[in-house]
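This report looks at a few contacts within one protein chain. Please view the sequence and the structure before reading on.

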Amino acid sequence: MSSQFEDYLETMTKRRRLRTVSNLKSYPEKAHSFRSPASQDKEPDWEISLSGDLGDKESDLVSRLVDVPRGSRGTIYFDSPGGSVYAGLTLASLIRLRQLNVAGVALGECSSAAILPFAACKHRYVTTYTTLLFHPIRWQSEDEVRLEEAAEWARHFKVLETDFDRLQAQLFGCRQSVLDRWTRPGRFVSGQELADAGLAQLIDPFSSEDQWKVIEAR
């Protein structure tokens, strides 16, 4: 009896081994669930175009920056004469607050309030043809205001101007004196000059070499 029982156990063990080496494949959905996070398909980089007046496009741009995954990687193409300083501040704040790994590429013009979100980008790229207009923020109002309101706005404007200059230097990671020589009284700065100051990297989209590899390798 003991010998027969041992033979039975050996037979059952062989059958279990045969099952474990079966050539049958698991159902794809089940196999996918056991993939390690490292093997998952990489989330594609997003791309956003920031062009035109910031005030006119603010709602759309804010929505797009909120829609992308927090901490994700993407590219923002700049071609804007600026606009509302508050719109520029909002976009720069969202880029930093949501910890977006952004490559800012100034293709045409990136002036005035548009410089702030460009400076907020983790990586900045310009071409030799890029133009950036640095100047003190401007007070413009088409509304009729009382003297008291005008006086309060003038007080606030002075504070805003000082804060804006300090923040812009902070985002670029440079001394404020570097930007002051461009900002006052105001000056057009080329992409080459910005790159020479160490505030951006120069690329040549008209080169025969693939310049996208430079941005992708950041």
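## Two packed helices

A crossing of two helices is called left-handed if the near helix is turned anticlockwise from the far one by less than a right angle, and right-handed if the turn is clockwise. In this predicted model, helix α3 passes helix α4 in a left-handed crossing. Helix α3 covers residues 54-67 and helix α4 covers residues 85-97. Angles under 35 degrees count as roughly parallel, so α3 is roughly parallel to α4.

Which residues make the contact between α3 and α4? From α3 come L54, G55, E58, L61, V62, L65 and V66. From α4 come A87, G88, T90, L91, L94 and I95. Sorted by class, the contact of α3 with α4 has nine nonpolar, three polar and one charged residues.

## An exposed aromatic pair

A pair of aromatic rings is described by the distance of the centres and the angle of the planes. The structure holds three aromatic pairs. One of them is formed by Y129 and F206, with 5.9 Å from centre to centre and 80° between the planes. This pair is edge-to-face, because an angle over 60 degrees counts as such.

Y129 sits in the loop between β4 (123-126) and β5 (131-134). F206 sits in the loop between β7 (201-202) and α9 (212-216). The pair therefore ties together parts that are 77 residues apart in sequence. Are these two residues buried or exposed? Y129 has a relative accessible area of 58% and is exposed. F206 is exposed as well, with a relative accessible area of 66%.

## A buried aromatic pair

Another aromatic pair consists of F134 and W182. F134 belongs to strand β5 and W182 to helix α7 (residues 176-183), so the pair links distant parts of the chain, 48 residues apart. The relative accessibility of F134 is 1%, and F134 counts as buried. W182 also counts as buried, at 5% relative accessibility.

T183 lies in helix α7 too. With a relative accessible area of 2%, T183 is buried; the cut-off for buried is under 20%. Leaving aside neighbours within four places in sequence, T183 is in contact with F134, H135, P136, D165 and Q168.

Where does T128 lie? Its place is in the loop between β4 and β5, which is the loop that holds Y129. T128 is partly exposed, with a relative accessible area of 40%. Not counting residues up to four places away in sequence, T128 touches Q192, L202 and I203. T128 and P205 are 77 residues apart in sequence, and their C-alpha atoms are 9.8 Å apart in space.

## Y77 in strand β2

Y77 lies in strand β2, which covers residues 73-80. Which residues does Y77 touch, not counting those up to four places away in sequence? They are E47, I48, S49, L50, V105, L107 and W212. For V105, which is 28 residues from Y77 along the chain, the C-alpha atoms of the two are separated by 4.9 Å.

Technical notes: Residues are numbered from 1 along each chain as its sequence is written. This is a predicted model: local features need pLDDT of at least 70, side-chain atom pairs count only at pLDDT 80 or more; totals for chains, interfaces and linings use all residues. Side-chain values use heavy atoms; hydrogens and water are left out. Rings of Phe, Tyr and Trp (its six-membered ring) pair if their centres lie within 6.5 Å; planes under 30 degrees apart count as stacked, over 60 as edge-to-face and the rest as tilted. Helices (H or I, at least four residues) and strands (E, at least two) are DSSP runs, numbered from the N terminus. Buried means under 20% relative accessible area, exposed over 50%, partly exposed in between (1.4 Å probe, protein chains only). Axes are lines fitted to C-alpha atoms, for helices over the stretch in contact, and angles run from 0 to 180 degrees between N-to-C directions. Angles under 35 degrees count as roughly parallel, over 145 as roughly antiparallel, 65 to 115 as roughly perpendicular and the rest as oblique. Contact means heavy atoms within 4.5 Å. Ala, Val, Leu, Ile, Met, Phe, Trp, Tyr, Cys and Pro count as nonpolar, Asp, Glu, Lys and Arg as charged, and the others, Gly among them, as polar.
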